[in-house]
Each structure stands twice: as structure tokens, then as C-alpha cells.
Amino acid sequence: MNPFTEKAVRTIQSIPEGHVMTYGQVAAAAGNRRGARQVVRILHSMSVSHRLPWHRIINAKGGISAPADAEEKGIRQKRLLLSEGVVFREDGTVDLERYRWFPPDASME
């Protein structure tokens with residue numbers, strides 16, 4: 001596993017229940033502020049094998065980024081976040097001021 005991937009996996013695993021991070025935040029914490037798409041690939045390919053809390057990663061606007069053909073996954077993600085106490089606004093986004101988590105050892109955006 002390359003260093004970026006390793007750091008991204010550790011960062012994702014460290015997100016506490018009831019909190020979220022953005023794709024860009026995870027990328028920055030792993031050492032590449034422009035690596036958000038790499039984070040998407042890591043989540044897609046490693047969530048099961050590394051037991052990643054994939055549902056705690058959302059987009060920079062506080063929304064769930066499920067593709068149109070994966071609406072069920074978006075519903076599941078929202079359900080998982082709600083079960084952890086994350087509240088969604090009327091527009092379907094998460095209040096990043098309230099729920100965003102910053103790893104103590106990472107410099108963030």
C-alpha cells in the first residue's frame with residue numbers, strides 16, 4: 001500500500017461515530033490536498049477489506065455523493081449517519097460546522 005493510501009485508510013478509520021469528513025479533508029490529511037478522487041477510489045476498493053466507515057465521508061457541501069444509479073447506497077448512507085446521531089438539514093445536507101471532524105494530527109483545509 002502506498003503512503004497516501006495508508007494514511008487515508010488510517011484517517012477514515014479514525015473518524016468517530018457521529019462525525020463526518022469530506023473527501024478533500026481526508027486527502028489533505030493523507031498528504032495530497034488534490035487527492036479527493038483517490039479517496040473515492042480507496043473507499044470503493046477497500047471499504048470492506050479494511051472495515052472503513054465509508055458512510056462518514058461526504059462532499060464539501062455537506063451532501064451525500066451517491067451516483068444516480070446508486071440511490072440505494074445514498075439512502076443507506078443517510079440511514080447510517082442518522083443512526084449515529086447526525087442530523088440532516090431540510091435541504092439534505094449535513095451541518096459541517098457541527099459534525100465535521102478534524103483529526104488532531106492533521107492540518108486541514
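Analyst: Helices are DSSP runs of H or I with at least four residues, strands are runs of E with at least two, and both are numbered from the N terminus. By that rule the chain reads α-β-α-α-β-α-α along the sequence. This is a predicted model, in which local features need pLDDT of at least 70, side-chain atom pairs count only at pLDDT 80 or more, and totals for chains, interfaces and linings use all residues. Residues are numbered from 1 along each chain as its sequence is written, and side-chain values use heavy atoms, with hydrogens and water left out.

User: How do you know that the span of helix α4 agrees with its number of residues?

Analyst: The expected span is 1.5 Å times one less than the number of residues. For the 13 residues 71-83 that is 18 Å, and the end C-alpha atoms lie 18 Å apart, which agrees.

User: Which residues of α4 are buried?

Analyst: Buried means under 20% relative accessible area, exposed over 50%, and partly exposed in between, with a 1.4 Å probe and protein chains only. Gly74, Gln77 and Leu81 are buried in α4.

User: What makes lysine 78 count as sitting over the ring of phenylalanine 88?

Analyst: NZ of Lys or CZ of Arg must be within 6 Å of the ring centre and within 35 degrees of the ring normal. The charged end of lysine 78 is over that ring, 5.0 Å from its centre. Lysine 73 likewise lies over the face of tryptophan 54, at 5.0 Å from the ring centre.
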